[in-house]
Amino acid sequence: MEQQLGGIHHVTAIAADPQRNLDFYTQVLGLRLVKLTVNFDDPGTYHFYFGNEEGEPGTILTFFPWPDARRGRIGAGQVSATAFSIPENSIGHWTERLARHRVEVGSAFERFEETVIPFADRDGLALELVASSEDDSRVPWANGPLEPDHAIRGCHAVTITGRRCEQTQAALADIGFRLSAESGNRLRFTTGDGGPGTYLDLLCQRDAAAGLVAVGTVHHVAWRTPSNAEQEHWRQRIAELDLSVTRVLDRHYFRSIYFREPGGTLFEIATDQPGFLVDESLDELGTRLRLPEWIEPRRLEIERVLPALRL
Ligand code: ZN
């Protein structure tokens, strides 16, 4: 088979207050803080990585908290919803849990024969829980606040809203995504082995207002690739599609290239290696501020400007 992207690697979004963001994802959603670092392009800003027990690709949601930034607008040319996979019998548990934590929750509904609970985080970021009928063996955070029977397994899907669906659909096909289901104006694509964590839903809305990336919106979605060599294959393929693609950037925990699909959504292709265990043991993940060696010399200066956090 031709090379395939392996599904979602991570989703990166913008938050406002760092502490409120940290508390929501760890204490309400029960994700593990697997890496506490800074935005390598702007080291005065935190970069939080939340994920499962081992911080595996496909379980990762990351945030840049920008305390003074304005609220964004969810719309076209963006990831307009990020879905997590939960066990099939956990809908009641989560409905009750989100209500108890005063989370903004919509009515549950069926999509592609699975129950979906739409909700928003403290900054209005659009999230969903999908009670997946498919096997999902990803291991949740062992010391998290949820019983393992109900905990989030990882990402399930991203939805991108598009005004130029034909062009987006063609580009997705060119990078190996397969159309797997269709309902109204929603096209579901999958890649790699399929299943939870590999889905991309394209919501076609010709008249959608353009999104504005700021607080409460997704900055980009990253797709998995196993090796540097395969990443280079994708870089060449994307350049052949006349999409502008960046050089390879060292993100310390993975290597990244970025491009925009024709509808405007920012995509990244990130390597599975070396991963979050490269500078911390499994027990230590996320317990202190980690800086890559090229930023470490500026630690004192950086720690002075970062807001204080209670972990
Ligand atoms: Zn990224």
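This is a predicted model: local features need pLDDT of at least 70, side-chain atom pairs count only at pLDDT 80 or more; totals for chains, interfaces and linings use all residues.

Reader: Is Glu280 buried or exposed?

Author: Glu280 sits in the loop between S16 and H5, ten residues from Arg290. Buried means under 20% relative accessible area. Glu280 has 4% relative accessibility, so Glu280 counts as buried.

Reader: Which strands hold Arg186 and Asp201?

Author: The side chains of Arg186 and Asp201 meet in a salt bridge at 2.9 Å, N to O. The pair ties together parts that are 15 residues apart in sequence, because Arg186 lies in strand S11 and Asp201 in strand S12.

Reader: How many residues apart in helix H5 are Glu303 and Arg299?

Author: The side chains of Glu303 and Arg299 form a salt bridge of 2.9 Å, N to O. Arg299 is buried at 14%, whereas Glu303 is partly exposed at 37%. About one helical turn separates them, because their spacing in helix H5 is four residues.

Reader: Which residues coordinate the zinc ion?

Author: In sequence the donor residues are spaced H-x209-H-x47-E. His220 lies in strand S13 and Glu268 in strand S16, so this pair ties together parts 48 residues apart in sequence. At 1.9 to 2.0 Å, the zinc ion is coordinated by His10 (NE2), His220 (NE2) and Glu268 (OE).

Note on methods: Residues are numbered from 1 along each chain as its sequence is written. Side-chain values use heavy atoms; hydrogens and water are left out. Donors are N, O and S atoms within 2.8 Å of the metal (3.2 Å for Na, K and Ca); water is not among the atoms, so sites may look incomplete. Helices (H or I, at least four residues) and strands (E, at least two) are DSSP runs, numbered from the N terminus. A salt bridge is a side-chain nitrogen of Lys or Arg within 4 Å of a carboxyl oxygen of Asp or Glu. Buried means under 20% relative accessible area, exposed over 50%, partly exposed in between (1.4 Å probe, protein chains only).
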